[in-house]
Amino acid sequence: MAEKIAIASDHAGFELKTLLKQELEKLGFEPLDLGTDGPASVDYPDFGNKLAAALKAGEAKRGVLVCGSGIGISIAANRHAHIRAALCHDALSARLSRQHNDANVVCFGARLIGVDVARDCLAVFLGTDFEGGRHQNRVAKLGC
């Protein structure tokens, strides 16, 4: 059974979310699409909160969030103690967010990142494990 990955966006991130959903399927994951379902204006905190609730309920263990800059939706998600959302702009930031920070949500700014870079970041994020060790104590101070 494929691992479910929750995915959500606001209106500015809708197009990139749609492409990343397809990429999740290509990578062998099952996307859990939490909206938005079109380009009509919506509020990004609603979708950051929706994804956080899905992770807390155990519907998925990891997630992907997209808004125009990636900043607002990552702030919204990080208000929840069980979320460690990382705004990533390249494969290195995606890898380090997993290795050093045990991020469980990757965020993208649709207006700032190219589709190919976002796909690369997604694959690296989902394929990288947390190193633990010296990073464990630091991550423990981040939330839950």
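This is a predicted model: local features need pLDDT of at least 70, side-chain atom pairs count only at pLDDT 80 or more; totals for chains, interfaces and linings use all residues.
Me: Is His135 buried or exposed?
Reply: His135 is buried, because its relative accessible area is 3%, which falls under the 20% cut-off for that class.

Me: And which residues does His135 touch?
Reply: Leaving aside residues up to four places away in sequence, His135 touches Gln99, His100 and Phe130.

Me: Switching to strand S3, how many of its residues are buried?
Reply: For strand S3, residues 62-67, the count is 6 of the 6, so the strand is largely enclosed by the rest of the structure. Arg62, Val64 and Val66 point one way from S3, while Gly63, Leu65 and Cys67 point the other way, and all are buried.

Me: What does S3 pair with, and do they run parallel or antiparallel?
Reply: Strand S1, residues 4-9, is joined to S3 by 5 bridges and the two run parallel, with Ile7 standing opposite Val64 of S3. S3 is also joined to strand S5, residues 105-109, by 5 bridges, again in a parallel arrangement, and there the bridge partner of Leu65 is Cys107 in S5.

Me: What about Leu112, where is that?
Reply: Leu112 lies in the loop between S5 and helix H5 (115-127), and counts as exposed because its relative accessibility is 56%. Not counting residues up to four places away in sequence, Leu112 touches Gly68 and Ser69, and its C-alpha is 8.4 Å from that of Gly70, although Leu112 and Gly70 are 42 residues apart in sequence.

Me: OK, electrostatics: how many salt bridges are there?
Reply: The structure holds 7 salt bridges. One of them joins Asp33 and Lys17, with the closest N and O atoms 2.7 Å apart, and this pair links distant parts of the chain, with Asp33 in strand S2 (residues 30-33) and Lys17 in helix H1 (residues 14-26), 16 residues apart.

Me: How accessible are Asp33 and Lys17?
Reply: Asp33 counts as partly exposed at 28% relative accessibility, whereas Lys17 counts as buried at 1%.

Me: What other salt bridge does Asp33 make?
Reply: The side chains of Asp33 and Lys21 also meet in a salt bridge, at 2.9 Å from N to O, and Lys21, in helix H1, is 12 residues from Asp33 in strand S2.

Me: Last one, what about rings?
Reply: The structure holds 0 aromatic pairs, but Arg98 lies over the face of Phe125, at 5.9 Å from the ring centre.

Terms used. Residues are numbered from 1 along each chain as its sequence is written. Side-chain values use heavy atoms; hydrogens and water are left out. Buried means under 20% relative accessible area, exposed over 50%, partly exposed in between (1.4 Å probe, protein chains only). Contact means heavy atoms within 4.5 Å. Helices (H or I, at least four residues) and strands (E, at least two) are DSSP runs, numbered from the N terminus. Two strands pair if DSSP finds at least two bridges between them. Rings of Phe, Tyr and Trp (its six-membered ring) pair if their centres lie within 6.5 Å; planes under 30 degrees apart count as stacked, over 60 as edge-to-face and the rest as tilted. A charge sits over a ring if NZ of Lys or CZ of Arg is within 6 Å of the ring centre and within 35 degrees of the ring normal. A salt bridge is a side-chain nitrogen of Lys or Arg within 4 Å of a carboxyl oxygen of Asp or Glu.
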